[in-house]
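Let us take a friendly walk through a structure made of several chains. Have the sequence and the 3D view ready as you read.

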Amino acid sequence: MISLTGLNLILPQLIIALAAIIVMLSIAVKRCHRFTNLFTLLSFAAAAISVLYIPRGSFGVSSLFVVDGFGKFFTVLIACAGFVITLMSYHYLNAREKRNEEYYILLLLSSLGALTMVISNHFVSFFLSLEVLSVSLYALIGYLKEEPAGIESGIKYLVLAAVSSSFLLFGIALIYMQTGHLDLSGIAAGLSSSGEFSGVFIAGLAMVIVGIGFKMALVPFHLWTPDIYAGASAPVSAFVATVSKGAVFAFLLRLFYSTGGLENKNVWTVFTIIAVASMLFGNWLALRQQNIKRLLAYSSIGHLGYLMVAFLAITDRGMQAATFYLVVYFTGMLAAFGTVIYMSNKKGEALYIDDYRGLFWKKPWLAAIFTTVMLSLAGIPLTAGFLGKLYLLTAGTEVGIWLLVIVLVVSSGIGLFYYLRVVAVMFAGKNENEASSEPVIGKIFPHGLVLTLLFLLLLWFGVYPSSLLEIIQQIASVIR
Amino acid sequence: MPVNYYIFLSLALFAIGIVGVLIRRNAITFFMCIEIMLNAVNLLLVAFSKMHHAKQAATLATAGIDGQIFVFFIMVVAAAEVSVGLAIIVMLFRNVHSVNVNFLNRLKH
Amino acid sequence: MDVFQLLWLIPALPFFSFLILSLSGSKFSRTGVGVFATLSVGISALITLIIGIQFLSSPPAGHFYEQTLWVWFDVAGFKPSIAFYLDPLSLVFTFVVTFVSFLIHWYSIGFMKTEEGHVRFFAYMNLFVFSMLMLVLANNLLLLYLGWEGVGLCSFLLIGFWYKDPYNCYAARKAFIVTRIGDTAMMIGLLMLVKNFNTLDIASILTTAPQTWSPGASQAFWVTILLLGGAVGKSAQLPLQTWLPDAMAGPSPVSALIHAATMVTAGVYLIARTHVLYELAPAVQTLVAIVGAATLLIAGFSAIVQRDIKRVLAYSTISQIGYMFLALGVGAWSAAVFHFMIHAFFKSLLFLSAGVVIIAMHHEHDIFKMGGLRKKMPVVFWTFLFGAGALAAIPLITAGFYSKDEILFFAMASTKGSTWLWLAGFVGAFITSVYTFRMVFVAFFGEQKHDIHYKPGISFKIPLIILGILSLIAGFIELPHTFGHFTPFSDFINTVFPAVQLIPEKEGLELTLQISTAILALFGVFLAWQLYMKRPQMVARFKETGFGKRLNDFLFSGWKFDWLYDTFFVKPFVWLSKIDKSDFVDRIYGGVANLNLYFNKLLSATQNGNVRSYVLGVALGAVIALTIILFL
């Protein structure tokens, strides 16, 4: 039984759940896009702020959840990302779809899934969170009814996510067989009493890796990524790229650090192969890509691969580096998709790199922001991306995982090519055939403002990282 | 019955499911195959639950019960998944008048 | 409030101005852009002035003030910080940079009135001021290097400002590439410092270096010689001086600001800043003096035969920086800094006046086509004359006399000096006054060759007048022993530097040296008058002779250094590239690129859009993972 006093521990999750219900009811009374958007914004803000009212320390909420500094940090991160995506969705949806209110229910619900996942301490709560996140996402991805690509990507995601969930569940069942527990602490205890990892247990881990790797779009489970990014509407792609991956990564850290699964050499090898392949394949795939959303999809595969380097270091510094990098990645991806949304018009999105040709001469601010985002994703000094990579590299070199470190450096070099290609196009001569005379969706408020904010954050973390790092250092040791 | 039998049975079911997804083209059949895979897991969980219960019933009356509870959650989630999936398939059918997944090839490379 | 806390604003203001101008400069009116840029630098100058007064009236403890804004990152004990370091040395440089920049920005409002791309111009200028201030105020060498590269970039952009003329782009490239050679050396030097001390913090390097390295240590030798490489590149000294005359392709305010007053003296600053290291490597310090002496002579002789007014000034800049290097080399640190300050005033003045003349002459640079400008443009004439007087070190009444005289005295009397070094400087002083007044007489006296109706505006005149006055009176803050012995400047700056070690028996020579220098300077003026006003046919006839012609050509081309480098570096390089026409070297890189492209195509094929093959990918992944885990 949960006593009422424990409720304040899961305040952010409660707020978002309640908000979803209220939005649903309000639609039944009266449809009003402006109200729904504003209300969603407020509830994300409230969820982020309510974290302040959770006391310090690590608390279990039944055996399903554990609320600690790490979980709180990710809660704030996801709520902020949800806030930004909601802001960027308003004008976009107004321009492209008639009935928009349900979008916010789905957005709130899938955020709820992500929020519960980051505090999950049990396979049941993890699985339920994952499905709440995914099932809402199926609908979100196919939300634009007029868009055949949206429906196509919706079905693709649905089929693949369902298949990968089956693998995940099979893995969970095998782990359950070995340990007799579904909660992570029970699994850890069961393991330490039996000593050696049995074959069934690590086979289970392997299948859990399939499910998690799919959600995080790691090679070889990455094939869906570009199609879904390209087919879904840009705000939803931003959501898939950030919130859904970040939440799963948080659980990955919890699962493998608290059960000590990474101590098995073969599991570690599998992850190393996955990380190396993700870093290289992601960047290779992006090289000649002309569609900016697919390009970002491939780049996100590479970035998640970079993240795995810190994950595999299994040190406090590695944890800090991974968390820092994830924040930087969130900021960069949100700003990148924000720019795509800004440049879209009623007829469609600004999908191709050529749509950005000569942007600097038309909208210098926007071009400056997008340039900074690209440079940050590429890891150029004075942007946040550089320091993120630097921390990843130090985390890797400290424990001497040289293969991963070298691949990280090499693939960053490959990545430079396509990021700079986008930058070069923006500074190239003016677009000769001004094909689309439609005005862009983006407005100074709120698009321009929120993009500027993200842009400043990228620079701020790039020149003054300790502001963020000090917070991360407080929470990073909690999990182990 | 030894628990191994259940493992082999559910492995077989799981394999049937995955092969089905791989070789069939009809989206509805896809869902049936996925359902088979999920039910293979359900079977496995129930079997393990029984196994753990039999082992520890003397010390803990509720031992192994969480496996069975998990099964209910999986069933519910599968139902939800299918309902959303069918809705999307209806939309697909409206667009291309077919539920053949091979028509889903607009997005590539 | 403690005014020192405003320190960060000094570089920040020009930077913000740069950001605003580059992103929304087109929204400003034409004069608005210039006024905005000028004001940002002006406020910086004002803050510098306030901080400077505070520094003089109540100096902070230890005669330095350090402002750490934040630590950039902290990785493996290496933590570069964004921090500023203000001591008398950096204060003098900051003051000169902000103040001269302010005047030149002001002047540029008029200069750019009719030019295309004025927003770009002012944005780059502001970026330059920011970078230069970062260079000067940095408390660690990484930040200094950032500023160092920043000013190099701005110099490149501004030399090629009129990019439509291919020659200007060539000049910009040349400047960039030649300085790059020096920068590479400097980079290696910095890496050696990191390796030895695991920090780039200037103060801590300077305190630990004497404890770890004994004088003459080989590491000190290599580090200083590599840093010297960076310094000679940036300051256009032998053997990397060839870029500066071509850099005159940029607009005149750029030449005044970057290629006369501030950026080219960065090398002087670098050596002065790291003077402790140079004292540990006496051989390199002597080399600095020799480089300075050789450069000042070579550049001085070249200046005599130039016809382009800006090229004369460019060669004179190289030569004057040679004096500063000479002073650094003999350990007369404060004399070098003093000459830097005076030089910044009079040389920017000369360039700005020349800029007005060039505008009035419709972009005519040849002094022999000018003539008789004295009556038509009195303000420009007088200010130019003041600047020229300071450059030629006309005794007693100009600032240049006091600064140059000090250097010559130390070149002779310092324990690190010698008669030869003094003689080089002495001859150089004579040549300086000859070429300076050749320029004055030919351009401003004689008969008028063009009719001029141009009236320079107020934004031209005021900066000129201020700089003109400074070129005359700024020298009075440092008077020699023989003439009042009033030395607030060196007293102020010598909290940073050790005093010059003098040879006692040569100390008494001071008055003799001064008088001989003074007479020589005046004689140079007289000679210029004789040769170029009274008997121009004599020079012309000399040029007709075979030897004269060859000598003229030789000097005109700057001692054929370009030819030398062309023959020994560029041509062999082109030759090598010709052998490599089929690009077998490039094939390695091309191969790498093609390999990546190949993988790209290979992997793109997997993204076939078919959901069933995606499922196959997941299933195969699962099989592979299981295989590795269970059977490896």
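Strand 1 (residues 65–71) of chain C pairs with strand 2 of chain C in the antiparallel sense, over 6 bridges. Strands count as paired if DSSP finds at least two bridges between them. The strands (E, at least two residues) and helices (H or I, at least four) are DSSP runs numbered from the N terminus. One bridge joins Val71(C) to its partner in strand 2 of chain C, Ser81(C).

A word on what you are looking at: this is a predicted model, in which local features need pLDDT of at least 70 and side-chain atom pairs count only at pLDDT 80 or more, while totals for chains, interfaces and linings use all residues. Residues are numbered from 1 along each chain as its sequence is written, and chains are lettered from A and ligands numbered from 1 in the order in which they are written.

Is strand 2 of chain C buried or exposed? Of its 6 residues (81–86), 5 are buried, so strand 2 of chain C is largely enclosed by the rest of the structure. Here a residue is buried if 20 or more other C-beta atoms, placed from the backbone, lie within 10 Å of its own; 12 or fewer makes it exposed, and anything in between partly exposed.

Chain C has 28 helices and 2 strands. Chain B has 3 helices and 0 strands, in the pattern α-α-α along the sequence.

Along its principal axes, the C-alpha trace of chain C spans about 100 × 55 × 55 Å, and the C-alpha atoms of chain B fill a box of roughly 60 × 25 × 25 Å. Buried residues make up 52% of chain C and 35% of chain B.

Chain C is divided into domain 1 (290–534) and domain 2 (583–631), with bounds from an automatic or database domain assignment. The centres of these two domains of chain C, taken over C-alpha atoms, are 68 Å apart.

## Where the chains touch chain A

Two residues are in contact if their C-beta atoms, placed from the backbone, lie within 7 Å. How many residues of chain C join the contact with chain A? The contact takes 31 residues from chain C and 40 residues from chain A. Strand 1, helix 27 (586–606) and helix 28 (611–631) of chain C each supply at least two residues of this side, and helix 28 of chain C gives the largest share, 13 residues.

Chain B touches chain A too, with 32 residues of chain B in contact with 32 residues of chain A. Helix 3 of chain B gives the most to its side, 15 residues.
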